[in-house]
Every structure is written in structure tokens, then in C-alpha cells.
Amino acid sequence: MPQTQQPAPPQPMVDNKYGAAGEIMALSQPRLIAILQDKSASVYARAKACQRLAVVGDKSAVPALAALLADTQLSHYARFGLEPISDPSAGDALRAALANLKGNLLIGVINSIAQRKDAKSVDALARLRHDADAGIARAADAALARIRPGM
Amino acid sequence: MAFKSESVTRRSLLKKTATASALITAPHFVPASALGLAGATPPSDRVTLGGLGIGSRGTRVLQSFLAQSDVQFLAICDVRNDRRETIKSMADQKYGNRDCTMYSEQEELWARKDIDALLIATGDRWHALLSILSARAGKDVYCEKPCSMTVAESRALAATFHQLGRVYQAGTQRRNGTNFVRAYELARSGKLGKLQTLHAEAGPGERWAPLTSHAWLPAEPEPPKQVTDWDRWLGPAPWRPYNSNYIQGRWRGYFDFHGGGILEWGSHTADLCQWVAGMDETAPVEYEPRGMGADSPYSIHCRYANGLRLVLRDKGFLGLGSCHIRYEGDNGWVETADGGKIEVSENLRNENLLVTPEDAREATTNHVRDFVACVKNRRQPRSNALAAGQTHILCHAAYIAFQLGRKLAFDPATDTFVGDAEANRMRSRAMREPWRL
């Protein structure tokens with residue numbers, strides 16, 4: 001019986017301005033930050049820049065990443081980049097976003113704060129435990145349990 | 001049979017009710033199978049099972065579950081309508097009824113108090129999170145491998161099942177494969193002498209490259225949610241535009257969804273090496289990638305704290321089938337793979353190591369039986385969460401070393417790389433909202 005051959009997968013996306021994913025992720029930190037600040041950059045280019053900054057980013061990348069926390073398409077990528085940056089400015093940026101976000105984007109930020117075990121967020125999280133949005137209240141509760149077990 | 005700790009369980013209630021019904025309502029007809037007569041397993045002794053994301057591999061595992069007389073498959077949850085229908089049809093045909101319930105969201109499955117255990121066979125991106133959330137919902141879990149996407153997920157998986165006392169079996173069925181067990185027993189008997197080097201086949205480079213791609217496929221129109229729920233398919237993984245190739249199984253090889261060949265095969269073979277070395281509660285302390293060129297065979301040379309070496313490599317075995325392992329001691333060696341044949345050093349040729357191909361093919365069924373027995377007796381199966389979590393930490397450490405292209409030192413007591421900040425940053429990944437461990 002003849003074998004049915006699966007068609008070859010399509011070619012991956014290439015960003016018109018910044019090239020293929022591999023090319024973007026080979027850029028230096030300043031170039032990656034510039035992509036995040038480029039208003040004409042595609043979601044693809046900025047997403048890849050965030051993912052690379054998760055490994056090589058330092059405090060100089062924090063403002064550009066933090067600026068994307070309210071972006072519905074890129075908020076998770078911004079957290080992907082911010083969460084592993086050990087500089088306290090990354091924690092400050094996430095904490096500041098607690099006051100400006102709602103819904104799932106806020107839940108995401110709470111989750112990242114929990115992952116970082118940011119003790120400075122305890123008061124804000126304690127308030128969010130009583131949020132009208134049950135998802136947010138649960139996220140805050142879980143974050144507190146992680147930061148201050150037994151609180 | 002009351003194998004749960006509660007004083008009144010659904011099982012005990014069912015058993016009592018069935019007996020009482022038979023007495024009170026006689027001559028009302030009660031099927032012999034319902035009472036466990038005529039060789040059938042009574043409901044009180046059955047493990048009730050649900051499925052999450054059952055594709056091609058999951059279907060093979062499910063067939064092994066369906067073949068067990070003391071397992072009743074009750075419900076399927078999948079983000080794809082076609083797969084929900086296929087699995088329902090398979091279960092209904094097996095039981096001669098229309099009872100298998102279909103769900104598109106896992107929360108509905110977790111709410112089913114009559115389901116004891118779940119078979120999870122989604123893509124890798126969901127494995128650890130679904131397992132952990134299922135345990136918190138009171139379910140035991142049989143989950144396909146690779147079981148996690150990161151070091152952090154692996155640790156959380158092990159910790160959750162350990163703390164909650166739920167039963168977990170990773171789909172690393174070779175721990176119950178006859179030829180692999182014989183090789184294990186030979187090594188553990190001391191006949192190889194002191195173990196010096198263990199070899200584990202990592203995914204062959206031409207099929208599963210050790211490095212994964214960060215690329216996206218071009219966007220295609222997203223199907224209606226009731227056909228394929230793309231948002232749920234992605235789950236905790238980063239968003240990317242829909243492309244039908246992903247949902248047709250071609251998600252492997254992408255960093256956001258897959259750990260490359262090291263996780264794909266290492267989750268089996270490094271796992272067997274951990275087992276034979278008695279290292280289920282720790283991991284190597286050193287990881288050195290070699291053969292980084294695209295055309296050269298790759299390997300990661302690992303070392304345990306006691307000096308034992310482990311080599312994850314994609315070439316150089318005897319050609320006995322996929323998933324090779326080779327254990328070398330100072331008095332001999334043994335090698336086997338999925339073909340079932342066991343090769344040994346000259347001095348061990350008199351050992352009785354014959355395994356029939358049929359026996360070698362029974363690994364999944366044996367593994368499923370191990371799990372079902374443990375759901376009943378509340379012990380932990382061979383590929384339990386602690387062992388699987390540790391194996392996956394090993395594999396992720398090797399994968400990180402390969403991505404960074406440098407030798408890494410690792411502290412298994414704290415799951416941290418020593419003196420390498422970049423490597424430490426790769427131990428976890430932010431999950432897409434609203435998901436969290």
C-alpha cells in the first residue's frame with residue numbers, strides 16, 4: 001500500500017525588519033532593547049527580544065520590558081523577560097504594575113511576583129486577596145502562600 | 001474494597017448499595033458483572049479513569065488501560081473536538097454503551113468526584129501543570145513524558161505529589177519493560193562489578209535535534225473554539241499565532257513546546273540510568289556538552305558526586321533499537337534497547353537474558369498495571385513523581401548546558417547551577433496568564 005506522505009512543514013516566519021527568530025535572538029542586549037522600543041517592530045520581533053532578554057537582560061532592559069506589561073499581546077513576554085532578572089528594579093516594575101492592570105494581565109503579574117518571592121509586595125497582595133475578581137483574589141492568595149507560607 | 005483512607009468512600013457506598021439493592025429489590029435483575037460475579041470486577045474494585053488530551057501515543061496507553069478489567073474509563077477532555085469524539089467512540093465501543101462524557105475544559109473533569117485517576121497525554125507544555133492541578137483536585141495521575149518544561153516544574157511536580165500523597169506514574173514505561181528490567185537486575189546484582197559509566201541514548205539528532213527553534217510558523221485562520229480551542233491548546237506556553245501544523249503533532253522541536261532530543265529520549269533512558277545507579281533522589285553534579293557541530297554526533301558527559309559517569313549521546317550504540325542504554329562496570333557491561341535483545345560482555349554470556357519480542361512489547365501494559373495496583377494500594381509506582389522529577393531535572397540541566405554550549409556545575413540539593421547566572425535563569429519560565437504552578 002502506498003505510504004501517505006505528510007507535506008513538509010511551512011517555512012517559519014521571518015520578520016521583514018529584524019529577520020528570523022535565530023537572528024533576533026543573537027542580537028546584543030542594546031539591540032534587543034531597541035526592538036522593544038521600536039513602535040514599528042512586529043509582535044514577533046518583540047516577543048523574541050523579550051525571550052532572549054530573559055537570559056541576558058539586566059537592569060537596563062527593565063524599563064523597556066515593563067512598558068509592555070499592559071500590552072495584551074506582549075504582557076506575558078514582558079514577564080518572561082522580567083521574571084528572571086535579579087536586579088531589584090525588575091521587582092519594582094512588577095509591583096508598580098499591580099496598580100495599573102486588571103483581569104488576566106494582573107493575574108500574570110501577581111504570578112510573577114510570587115515566582116520572585118517578592119516580600120515587598122505583601123501589603124499590595126493582601127489587599128488584592130479581597131478583590132471582586134475571584135481569579136485575582138485567588139492569585140493573590142496563592143502568591144502570599146508562596147512568599148509568606150502560613151501568613 | 002475501600003482503598004481510600006476515608007471511612008465512607010464512593011466505593012464502599014457502591015458496594016453496600018449494590019448488595020442491598022440485590023436483597024431488597026429481588027427479583028429485580030442485577031447484572032452479574034455489577035456484583036463482580038462471572039469473573040467481572042465489581043465496581044467497588046474498579047479504578048475509574050478520565051483522559052486529558054489523548055492523541056496518538058495517548059491512544060496506545062489508553063488501549064492498555066481499557067484492556068484492564070478493573071479499570072473503567074469514564075470521560076475525555078480535549079481542546080479538539082475531533083479527538084474528543086474519537087476517544088469517546090473508542091471507549092463506548094469497548095463498553096457497549098454511550099456513557100463516556102466529553103469535556104473541553106479540564107475543570108469539568110476535575111469536578112467529577114467519581115473519577116479516581118487521570119491519564120494525561122497532552123503536549124509537553126501542559127504535562128507538569130495539569131498533573132499538579134489534577135493532584136490538587138484529588139486525582140491520581142498517569143502522565144506521558146517528558147513530564148515538565150523546566151527544572152522548576154520538575155521540582156514542583158515531585159513536591160506536590162509527595163506532599164499530597166497522590167499516586168503518580170510518569171509514562172516512562174521502560175522501567176517496567178522486561179529487557180530493561182533484566183539489564184537493571186544484572187547491574188544491581190553486582191555481576192558487572194562497580195558501575196563506572198552509564199550510557200543513555202538521547203533523541204537521535206536527525207529526528208529530534210538537541211537544540212529547539214524559537215521560530216513561529218506563519219499565521220493561519222484560527223478555527224472556531226468548539227472545533228479547536230487554540231488558547232487552551234497553548235495553555236501556559238507563550239502565545240503565538242495559530243498554525244494547523246502544531247495541532248497535528250508538529251509542535252515538537254519548538255522551544256516553547258518541547259525540550260528537544262535530550263528531553264524526548266533522555267526522559268526514558270537517563271531515567272533508566274538514574275534507576276540502576278540508585279540515584280532516584282539526586283542528579284549529576286557536572287554536565288559537559290560535546291559535539292556541538294550540526295553534522296557531528298552530540299553528547300553530554302555528566303558526572304555524579306560519587307564519580308559515576310553518565311553519557312547522554314545520540315550515536316555509537318549496538319543498533320538494538322531505539323532508547324538504548326548501556327551500563328559499564330569494572331567487570332563487564334550490558335546493553336539493550338527497544339528491540340528487546342540484550343547484549344553483554346563476553347564474561348557474562350552464560351547469564352540467562354533471553355527476552356521474547358512479545359515480552360519486550362509489554363512494557364506499557366506492565367507500566368499501566370503497576371499504576372493501577374498503586375492507585376488501589378496507595379504505594380508509589382516505579383516511575384513515581386520523585387524519581388521522574390529528578391530525572392527531568394537531570395535532563396533539563398543537560399539541555400541547558402547544551403543550549404549554553406559550556407560545561408556546568410550543578411548542586412542537586414538546591415537545584416542550582418554553581419557560578420552560572422545565565423544557566424540559573426533558564427531553570428524556570430514565566431507561564432502565560434492566568435496559569436501558575
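Q: What does the secondary structure of chain B come to?

A: In this predicted model, chain B contains 14 helices and 15 strands.

Q: Why does the radius of gyration of chain B agree with that of a compact globule?

A: A compact globule of 437 residues would have a radius of gyration near 22 Å, and chain B has 23 Å, so the two agree. Along the principal axes, the C-alpha atoms of chain B fill a box of roughly 75 × 60 × 35 Å.

Q: How many of the residues of chain B count as buried, and what share of its contacts join residues at least 24 apart?

A: Of the 437 residues of chain B, 50% count as buried. Among contacts in chain B between residues at least 6 apart in sequence, 70% join residues at least 24 apart.

Q: Why does Leu195(B) count as buried?

A: The cut-off for a buried residue is 20 or more other C-beta atoms within 10 Å of its own. Leu195(B) has 23 C-beta neighbours inside 10 Å, and therefore counts as buried. Leu195(B) belongs to strand 7 (residues 195-201) of chain B. Not counting residues up to four places away in sequence, Leu195(B) touches Ala187(B), Ala277(B), Leu308(B), Tyr327(B) and Gly329(B). From Leu195(B) to Ser69(B), 126 residues apart in sequence, the C-alpha to C-alpha distance is 41 Å.

Q: What makes Cys273(B) count as buried?

A: With 20 or more other C-beta atoms within 10 Å as the requirement, Cys273(B) qualifies because it has 28 C-beta neighbours inside 10 Å. Cys273(B) is placed in helix 10 (residues 260-276) of chain B. Leaving aside neighbours within four places in sequence, the contacts of Cys273(B) are Leu198(B), Ala200(B), Leu310(B) and Ile325(B). Val79(B) lies 194 residues from Cys273(B) along the chain, and their C-alpha atoms are separated by 35 Å.

Q: Into which domains is chain B divided, and what makes up the contact of domain 1 of chain B with domain 2 of chain B?

A: Chain B is divided into domain 1 (14-173) and domain 2 (174-211 + 258-425). The C-alpha centres of domain 1 of chain B and domain 2 of chain B lie 29 Å apart. In their contact, 32 residues of domain 1 of chain B meet 37 residues of domain 2 of chain B. On the domain 1 side, at least two residues each are supplied by helix 2 (56-66), strand 5 (140-143), helix 6 (151-164) and strand 6 (168-170) of chain B. Helix 6 of chain B gives the largest share of that side, 7 residues. By class, the residues of that side are 16 nonpolar, 9 polar and 7 charged.

Q: How many residues do chain B and chain A bring to their contact?

A: The contact takes 21 residues from chain B and 30 residues from chain A. The side of chain B that touches chain A has 10 nonpolar, 4 polar and 7 charged residues.

Q: Where do the domains of chain A lie in its sequence?

A: Domain 1 of chain A covers 15-87, and domain 2 of chain A covers 98-151. Their C-alpha centres lie 24 Å apart. Each domain gives 8 residues to the contact. On the side of domain 1 of chain A that touches domain 2 of chain A, 3 residues are nonpolar, 3 polar and 2 charged.

Q: Why is helix 5 of chain A described as largely enclosed by the rest of the structure?

A: Helix 5 (residues 75-82) of chain A has 8 of its 8 residues buried, so the rest of the structure largely encloses it. Among these buried residues are Ser75(A), Tyr77(A), Phe80(A) and Gly81(A). Their cover includes helix 3 (43-56), helix 4 (62-66), helix 6 (88-97) and helix 7 (103-116) of chain A.

Q: How do you know whether helix 5 of chain A and helix 7 of chain A are roughly parallel or roughly antiparallel?

A: Helix 5 of chain A and helix 7 of chain A pack at an angle of about 10 degrees, with their axes 10 Å apart. Angles under 35 degrees count as roughly parallel, and the two helices are therefore roughly parallel to each other. Ser75(A), His76(A), Arg79(A) and Leu82(A) of helix 5 of chain A make the contact with Leu105(A), Gly108(A), Val109(A) and Ser112(A) of helix 7 of chain A. This contact has 3 nonpolar, 4 polar and 1 charged residues.

Key:
Residues are numbered from 1 along each chain as its sequence is written. Chains are lettered from A and ligands numbered from 1 in the order in which they are written. This is a predicted model: local features need pLDDT of at least 70, side-chain atom pairs count only at pLDDT 80 or more; totals for chains, interfaces and linings use all residues. A residue is buried if 20 or more other C-beta atoms lie within 10 Å of its own, exposed if 12 or fewer, and partly exposed in between; C-beta atoms are placed from the backbone. Helices (H or I, at least four residues) and strands (E, at least two) are DSSP runs, numbered from the N terminus. Two residues are in contact if their C-beta atoms, placed from the backbone, lie within 7 Å. The radius of gyration is taken over C-alpha atoms; the globule rule is 2.2 Å times the number of residues to the power 0.38. Domain bounds come from an automatic or database domain assignment. Ala, Val, Leu, Ile, Met, Phe, Trp, Tyr, Cys and Pro count as nonpolar, Asp, Glu, Lys and Arg as charged, and the others, Gly among them, as polar. Axes are lines fitted to C-alpha atoms, for helices over the stretch in contact, and angles run from 0 to 180 degrees between N-to-C directions. Angles under 35 degrees count as roughly parallel, over 145 as roughly antiparallel, 65 to 115 as roughly perpendicular and the rest as oblique.
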